[in-house]
Amino acid sequence: MPASKHSKKNLSCKRENGYEKFSPAEAKKMEEISKSYMEFLGASKTEREAHDEAVKLLSAAGYRNLEDVIREGAQLKPGDKLYRSCSGKTLLALLIGKKPLEEGLHIIGGHTDAPRLDLKQNPLYENGELALLDTHYYGGIKKYQWVTIPLALHGVFVKPDGEKITVSIGEKEDEPVFYISDLLPHLGQDQAKKSLSEGITGEDLDIIAGSRPARDKNRKERIKYGVLELLAEKYGVTEADFMSAELEAVPAGKPREVGLDRSLIAGYGHDDRICAYAGLKALLDLDKIPEYAACVLLCDKEEIGSMGATGMQSNFFENTMSELCALQTGAAGELAVKRAMSRSRMLSADVNAAFDPLYPSVSEKKNAALINHGTCITKYTGARGKSQSSDASAEFAAEVRRIFDAGKVAWQTGELGKVDQGGGGTIAMEMARYGMDVIDCGVPLLSMHAPWELAAKFDFYMTWKGFLAFLTDARKQR
Ligand code: MN
Ligand code: MN
């Protein structure tokens, strides 16, 4: 729009707290969906649990497992609702639009894995009259944050015959929790001289799992044996079964509202279950068949570089698109798949760092996301001169602006920290590889990757609203 069409006062771009223009009706809706998110987050302490919770919600809304549809060989038609699981960890959900898949999809892609402490494959040992579980941390953590807090243990044991035993200990009020010790200040003089990153090391993060000796006095290491007896009793497992287990120690407990005004939520795993849920909820809230297929991806392994069969560097998405295109057109064709992917548009739904008044020096304030300023669009991530970044095009950034403005979405732009302060990445580049337009967009957080992260209800609400507007956008794609 030429400048002449603006009045003079409109020339500058003003940043404004979202509550300045927030109707009571919307505030009510925000409380509603924040409550539903807190329930989802409280029940989704691991990527497997987030996957299962999402499948529950999708199934209740009439979404069908793609594997069943493939077996039936039925042709896909507009309005069909599908999901596909990748090893019970990564999940793709799709609502077929009016246009063929070949014309592209609208994709919201978030991740459901979060930093945590994984048990090693041979974790259990006894020392100093205590039974301990050795861990190897997953994702980027500040190790000192994980000691002296209640931890819960979630995951699976899988027996050689394929039997899968699901474990969850420490979430219910009457269940015990786990705990990592730290030095008392009285004896912590040497530790206090170390840097924050060395004060507690990765190998220091061993979890106390028990202290009572087994009754049988003939056993060696009776405290360790006592723990094995309890595990055998409750789950029917032996020490060797740790070898084929995935057990994750995570902060115990449910998300909580924060502040006298209850405007914030503290929870474990906001990164990135808050964006994953906002995307899933937006998909479930579509009340009409969209022009373009609406797709939501809940990915695993983002926090360790999207590697592996369930990470976005795998061919899961591409393979699934091949199945879908074949089901829609009745013929297997590579070209339709490539067109579908390269004509798609995606919001890489991930969190960003909000400006923290206690640590202003790491941010460049006018380009840092602010709490309660709405969903945050991040054109590029990366580090050291945008290295490893999927830098979105100005054209696509403009499209997203148009969609969000038309949808009355409060949004802001934000970079992760000031130049050369550090950096990070998302799944954006894994998907941009197919030639689709991708831009990062999500909720700004305080204390990202801490056991308890902080998000604002308003920013979550606007992220959901933005995702809804994006999935329903009908404009012709390139
Ligand atoms: Mn993330
Ligand atoms: Mn992260």
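This is a predicted model: local features need pLDDT of at least 70, side-chain atom pairs count only at pLDDT 80 or more; totals for chains, interfaces and linings use all residues.
Local features require pLDDT of at least 70 and side-chain atom pairs pLDDT 80 or more, while totals for chains, interfaces and linings use all residues. Residues are numbered from 1 along each chain as its sequence is written, chains are lettered from A and ligands numbered from 1 in the order in which they are written, and side-chain values use heavy atoms, with hydrogens and water left out.

The manganese ion (ligand 1) is coordinated by H111 (NE2), D271 (OD), D350 (OD) and D350 (OD), at 2.2 to 2.5 Å. Donors are N, O and S atoms within 2.8 Å of the metal (3.2 Å for Na, K and Ca); water is not among the atoms, so sites may look incomplete. Along the chain, the donors of this ion follow the spacing H-x159-D-x78-D. D271 lies in helix α7 (residues 270-284) and D350 in the loop between β14 (345-349) and β15 (352-353), so the pair ties together parts that are 79 residues apart in sequence. Helices (H or I, at least four residues) and strands (E, at least two) are DSSP runs, numbered from the N terminus. Both D271 and D350 are buried. Buried means under 20% relative accessible area, exposed over 50%, and partly exposed in between (1.4 Å probe, protein chains only).

The manganese ion (ligand 2) is coordinated by D271 (OD), E303 (OE), E303 (OE) and H449 (NE2), at 2.0 to 2.6 Å. Its donors follow the spacing D-x31-E-x145-H. D271 in helix α7 and H449 in the loop between β19 (444-446) and β20 (453-456) are 178 residues apart, and the pair links distant parts of the chain. The relative accessible area is 3% for D271 and 17% for H449. D271 bridges the two manganese ions, which lie 3.4 Å apart.

The largest nonpolar core has 56 residues. Such a core is a set of buried Ala, Val, Leu, Ile, Met, Phe, Trp, Tyr and Cys residues joined through side-chain atoms within 4.5 Å. L283 and L347 have the most contacts inside the largest core. Helix α12 (residues 457-472) gives the most to this core, with 10 residues. Leaving aside neighbours within four places in sequence, L283 is in contact (heavy atoms within 4.5 Å) with L58, Y63, A93, L94, L95, A294, V296 and L471. Apart from this core lies another, of 35 residues, among them V147, F178, L205 and I223.

L57 lies in helix α2 (residues 47-60). At 34% relative accessibility, L57 is partly exposed. Beyond four places in sequence, L57 is in contact with F40, Y277, L280 and L284. The C-alpha atoms of L57 and R84 are separated by 14 Å, with the two residues 27 apart along the chain.

S263 lies in the loop between β11 (256-258) and β12 (264-267). S263 is buried, at a relative accessible area of 11%. Not counting residues up to four places away in sequence, S263 touches Y19, V258, A456 and K457. The side chains of S263 and D261 are joined by a polar contact of 2.8 Å. A polar contact is a pair of N or O atoms within 3.5 Å; within protein, one must be able to donate a hydrogen and the other to accept it, and residues adjacent in sequence count only if both atoms are side-chain atoms.
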